[in-house]
Amino acid sequence: MRIGLYGGSFNPPHAAHRAASLLALKRLGLDQVWWLVTPGNPLKDNGALPSLAARLEAAREVAHHPRLVPTGLEAGLGTRYSFDTVAALTRRFPGVRFVWLMGADNLATFHRWQRWRDIAGLVPIAVIDRPGCTFPSMTSPAASALARWRRAEEDAPCLAGAAAPAWVFLHGLKSPLSSTQLRAAAARPG
């Protein structure tokens, strides 16, 4: 099995999450993409975060695909940080080839994540381009630190079978949707 791990608050989940997942399925030759709907992001204020159950229900409605699997795995595992989640999953499922999926906006701040270098050492990473994020992500401290392990985009189908560290930058998805913008629009008065 080749499984993409796509973590986030999914607050709210939207069509660009689905499109990025479908792009990853196709370009990386994945069997499934697991949406790791987090109980709370350690780098964000979670005070107004809807319940995990509500976000999971909304994620299932948006995913609407048999190979896109929204989960609350982190709550079940009792993990808070992505490294701990990835480490637990690779231990529990040693025969599965996991790939960490992230938007280009996350690569731009990846160096702020706890044990980000260790995540890169555990599983290959696929970075999915987003409008306005290409340059900030590719000039980020993490992109610079991981530059020697970057694979050519045409090698994306081989990424799941590659030994970590290995990563690829995937172009092609240009949806402007973001959860932050959707929350802001919903909060504006009528």
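Biologist: What covers the buried residues of α4?

Modeller: This is a predicted model, to be clear. The cover over the buried residues of α4 includes β1 (2-8), β2, α3 (73-77), β4 and α6 (116-122).

Biologist: And which residues of α4 are buried?

Modeller: Ser82, Phe83, Thr85, Val86, Ala87, Ala88 and Leu89 are the buried residues of α4.

Biologist: OK, on to the core. In the largest nonpolar core, which residues touch the most other members?

Modeller: Leu5, Trp100 and Phe110 do, in a core of 28 residues. Helix α4 (residues 82-92) is the top contributor to this core, giving four residues.

Biologist: What does Trp100 touch, leaving out residues up to four places away in sequence?

Modeller: Quite a list: Leu5, Gly7, Leu36, Ser82, Val86, Trp113, Val123, Pro124, Ile125 and Ala126. There's also another core, apart from the largest one, with 26 residues, and Ala20, Ala63, Leu101 and Ile128 are among them.

Biologist: Where is Ala20, then?

Modeller: Ala20 sits in helix α1 (residues 15-28).

Biologist: Buried or exposed?

Modeller: Buried, because the relative accessible area of Ala20 is 3%, and the cut-off for buried is under 20%. The C-alpha atom of Ala20 is 9.7 Å from that of Leu170, though the two residues are 150 apart along the chain.

Biologist: Switching to the sheet. What's the strand order?

Modeller: The order is β3-β2-β1-β4-β5-β6, six strands in an open sheet with parallel pairing. At the edges are β3 (68-71) and β6 (167-170), each pairing on one side only. On average, neighbouring strands are turned by 25° against each other, direction ignored.

Biologist: How many bridges join β1 to β4?

Modeller: Five, with the two strands running parallel. Gly4 stands opposite Val99 in β4.

Biologist: And which strands does α1 touch?

Modeller: α1 packs on the sheet and touches β1, β2, β3, β4, β5 and β6, with its direction at about 145° to that of β2. Helix α2 (residues 52-63) lies across β2 and β3 and runs at about 155° to β2.

Biologist: Back to β4. How many of its residues are buried?

Modeller: Six of the seven residues in β4 are buried, so that strand is mostly covered. β4 also pairs with β5 over four bridges, in the parallel sense, and Leu101 stands opposite Ala126 in β5.

Biologist: Now the rings. How many aromatic pairs does a search of the whole structure find?

Modeller: Eight aromatic pairs turn up. One of the pairs is Trp34 with Phe93, with ring centres 6.0 Å apart and planes at 80°, so the pair is edge-to-face. That pair links distant parts of the chain: Trp34 is in strand β2 (residues 32-37) and Phe93 in the loop between α4 and β4 (97-103), 59 residues apart.

Biologist: How do Trp34 and Phe98 pair up?

Modeller: Trp34 and Phe98 are edge-to-face as well, at 5.8 Å centre to centre with 65° between the planes. Since Trp34 lies in strand β2 and Phe98 in strand β4, the pair ties together parts that are 64 residues apart in sequence.

Biologist: Which residues do ring pairs link into a cluster?

Modeller: Trp100, Phe110, Trp113 and Trp116.

Biologist: Last one: where is Asp129 found?

Modeller: Asp129 is in the loop between β5 (125-128) and α7 (134-138).

Biologist: Is Asp129 buried or exposed?

Modeller: Asp129 counts as buried, because its relative accessibility is 1%.

Biologist: What joins the side chains of Asp129 and Thr134?

Modeller: A polar contact of 2.6 Å between the two side chains.

Methods:
Residues are numbered from 1 along each chain as its sequence is written. This is a predicted model: local features need pLDDT of at least 70, side-chain atom pairs count only at pLDDT 80 or more; totals for chains, interfaces and linings use all residues. Side-chain values use heavy atoms; hydrogens and water are left out. Buried means under 20% relative accessible area, exposed over 50%, partly exposed in between (1.4 Å probe, protein chains only). A polar contact is a pair of N or O atoms within 3.5 Å; within protein, one must be able to donate a hydrogen and the other to accept it, and residues adjacent in sequence count only if both atoms are side-chain atoms. A nonpolar core is a set of buried Ala, Val, Leu, Ile, Met, Phe, Trp, Tyr and Cys residues joined through side-chain atoms within 4.5 Å. Contact means heavy atoms within 4.5 Å. Rings of Phe, Tyr and Trp (its six-membered ring) pair if their centres lie within 6.5 Å; planes under 30 degrees apart count as stacked, over 60 as edge-to-face and the rest as tilted. Two strands pair if DSSP finds at least two bridges between them. Axes are lines fitted to C-alpha atoms, for helices over the stretch in contact, and angles run from 0 to 180 degrees between N-to-C directions.
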